[in-house]
Amino acid sequence: MSTLMEIEAAADRLPAEEKQELILFLAARLRAAGAELPPPRSFSKEQIEQWIAEDEEGYRRFVAGT
């Protein structure tokens with residue numbers, strides 16, 4: 001694998017557990033190389049509540065079969 005596209009395609013085929021291991025590996029390499037992590041995102045309470053409401057509504061539609 002020599003291109004990012006090939007690496008991404010291979011990563012897509014990994015099971016979830018191995019994808020998580022890959023993320024941790026890459027994060028450790030970035031930290032070791034001195035790369036700065038992006039600042040944490042902050043969301044308002046209203047945004048989070050709206051996302052939860054939308055998710056719950058989607059779940060109710062799913063259960064109802066609509």
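The model is predicted, so local features need pLDDT of at least 70 and side-chain atom pairs count only at pLDDT 80 or more, while totals for chains, interfaces and linings use all residues. Numbering runs from 1 along each chain as its sequence is written, and side-chain values use heavy atoms, with hydrogens and water left out.

**Overall shape**

The chain holds three helices and zero strands. In order from the N terminus, the elements read α-α-α. The radius of gyration is 18 Å, well over the 11 Å that the globule rule gives for 66 residues, so the chain is more spread out than a compact globule. That radius is taken over C-alpha atoms, and the globule rule is 2.2 Å times the number of residues to the power 0.38. Along the principal axes, the C-alpha atoms fill a box of roughly 45 × 30 × 20 Å. Helices (H or I, at least four residues) and strands (E, at least two) are DSSP runs, numbered from the N terminus.

Of the 66 residues, 3% count as buried. Buried means under 20% relative accessible area, exposed means over 50%, and partly exposed lies in between (1.4 Å probe, protein chains only). The accessible surface of the chain comes to about 6,400 Å². Carbon and sulfur atoms account for 59% of that surface. Areas come from the Shrake-Rupley method with a 1.4 Å probe; for residues, only the protein chains shown count as cover.

**Helix α3**

Helix α3 spans residues 45-64. It has 20 residues and reaches 29 Å from its first C-alpha to its last, close to the 28 Å expected at 1.5 Å a residue. The expected span is 1.5 Å times one less than the number of residues. Gly65 follows α3, and its phi is positive, near 80 degrees.

**Salt bridges**

A search of the whole structure finds two salt bridges. The criterion is a side-chain nitrogen of Lys or Arg within 4 Å of a carboxyl oxygen of Asp or Glu.

| Salt bridge | N to O distance |
|---|---|
| Glu49 and Lys45 | 3.8 Å |
| Glu57 and Arg60 | 3.2 Å |

Glu49 and Lys45 both lie in helix α3, four residues apart, about one turn of the helix. Glu49 is partly exposed at 41% relative accessibility. Lys45 is exposed at 61%. Glu57 and Arg60 are three residues apart in helix α3, so about one helical turn separates them. Both are partly exposed: Glu57 has a relative accessible area of 33%, and Arg60 has 47%.

The ring centres of Phe43 and Trp51 are 4.8 Å apart and their planes stand at 70 degrees, so the pair is edge-to-face. Rings of Phe, Tyr and Trp (its six-membered ring) pair if their centres lie within 6.5 Å; planes under 30 degrees apart count as stacked, over 60 as edge-to-face and the rest as tilted. Trp51 lies in helix α3 and is partly exposed at 42% relative accessibility. Phe43 is partly exposed at 38%.
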